[in-house]
Amino acid sequence: MSKKTNKDFWNVFYKNKLAVSKPSNFAVFVKEFLNNYSSTIVDVGCGNGRDLFYFKKNKFDIMGIDLSKNAVSLIKKGLKDTKDKKKIIHSDFARFDYKKNVKKKFSIYSRFTWHTINERSEVALLKKISKIPNLEYIFIETRSDKDELCGVGKKISKNEFVTDHYRRFINKNNLVKKIKKSFKIIYLKESKGFSKFKKEDPCLIRLIAIRKSIKT
Ligand SMILES: C[S@@+](CC[C@H](N)C(=O)[O-])C[C@H]1O[C@@H](n2cnc3c(N)ncnc32)[C@H](O)[C@@H]1O
């Protein structure tokens with residue numbers, strides 16, 4: 001599936017308001033980990049902003065990036081504060097210029113979006129962000145290749161499948177190998193039970209990493 005049709009899928013999804021508005025368990029987990037964090041959380045692929053609104057409510061500085069125009073306008077509508085509205089950006093998070101656009105210390109928060117980009121974009125993104133001095137943490141919650149949806153739909157490669165949209169199911173060891181080049185992994189778990197929704201209980205990878213040059 002091309003990026004255009006993937007984008008179309010999410011546009012229809014948010015136009016029809018199919019997304020849950022309650023914050024995810026991952027956002028709660030990250031909030032507890034960060035405690036009184038004073039830097040910016042950049043939610044990459046922020047969707048309807050369910051987690052962004054939660055971080056904002058908990059006094060975190062926020063920025064959101066999403067490829068779907070409808071998702072971006074949904075969030076902007078919900079944000080009364082003009083200052084924050086400017087920080088909701090319609091863009092591809094893999095191509096976004098973090099260095100130019102994020103001046104404060106920041107962390108990248110990716111929930112259910114790491115598996116939306118292909119491996120080439122992933123490698124380029126990691127290479128790019130590893131050089132940004134004001135980046136602190138990366139938080140990832142993503143579908144693993146042990147997830148039962150891996151193998152469903154049109155096969156693009158061993159780990160890539162298209163149903164009504166594209167997904168690249170992530171191999172834990174492969175992800176760890178790439179992340180470890182520039183980041184220190186401080187939390188890693190691959191499991192079901194993280195994000196149960198109705199009858200769904202996907203097998204996910206949760207990862208927290210900090211840039212190597214920054215002391216824990
Ligand atoms: C499964 S939803 C997750 C939304 C939100 N993070 C959550 O946990 O509810 C995936 C989101 O990523 C966005 N997305 C997919 N690929 C993207 C990309 N390359 N750049 C920016 N956003 C992207 C989609 O538009 C969609 O809003």
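Colleague: What is the order of the open sheet of three strands, and what pairing does it have?

Modeller: The order is β6-β7-β8, with antiparallel pairing. The edge strands, each pairing on one side only, are β6 (154-155) and β8 (166-168). Strands (E, at least two residues) and helices (H or I, at least four residues) are DSSP runs, numbered from the N terminus. Two strands pair if DSSP finds at least two bridges between them.

Colleague: How many bridges join β7 to β8?

Modeller: Three bridges join β7 (residues 160-162) to β8. F161 has R167 in β8 as its bridge partner.

Colleague: What should I know about the origin of the model and its numbering?

Modeller: This is a predicted model, in which local features need pLDDT of at least 70 and side-chain atom pairs count only at pLDDT 80 or more, while totals for chains, interfaces and linings use all residues. Residues are numbered from 1 along each chain as its sequence is written.

Colleague: How many helices and strands does the chain have?

Modeller: The chain has eight helices and ten strands. Its radius of gyration is 16 Å, close to the 17 Å that the globule rule gives for 216 residues, so the chain is as compact as a globular protein of that length. That radius is taken over C-alpha atoms, and the globule rule is 2.2 Å times the number of residues to the power 0.38.

Colleague: What percentage of the residues count as buried?

Modeller: Of the 216 residues, 36% count as buried. A residue is buried if 20 or more other C-beta atoms lie within 10 Å of its own, exposed if 12 or fewer, and partly exposed in between, with C-beta atoms placed from the backbone.

Colleague: Which strands pair with β1 in the parallel sense?

Modeller: Strand β2 (residues 61-66) runs parallel to β1 and is joined to it by five bridges; V42 stands opposite M63 there. Strand β4 (residues 106-111) pairs with β1 in the parallel sense over four bridges, and D43 stands opposite Y109.

Colleague: Turning to the ligand, which residues are closest?

Modeller: The closest are W10, G45, G47, L67 and S68, out of 19 residues that surround the ligand. A residue counts as near if its C-beta atom, placed from the backbone, lies within 6 Å of the molecule.

Colleague: And F194, where is it found?

Modeller: F194 is found in the loop between β9 (183-191) and β10 (204-211). F194 is partly exposed, with 18 other C-beta atoms within 10 Å.

Colleague: Which residues does F194 touch?

Modeller: Not counting residues up to four places away in sequence, F194 touches N25, F26, E141, L204 and R206. Two residues are in contact if their C-beta atoms, placed from the backbone, lie within 7 Å. The C-alpha atoms of F194 and F26 are separated by 7.6 Å, although these residues are 168 apart along the chain.

Colleague: Which strand pairs with β10 over seven bridges?

Modeller: That is β5 (residues 135-143), in the antiparallel sense, with A209 in β10 as the bridge partner of I138. Strand β9 also runs antiparallel to β10, joined by eight bridges.
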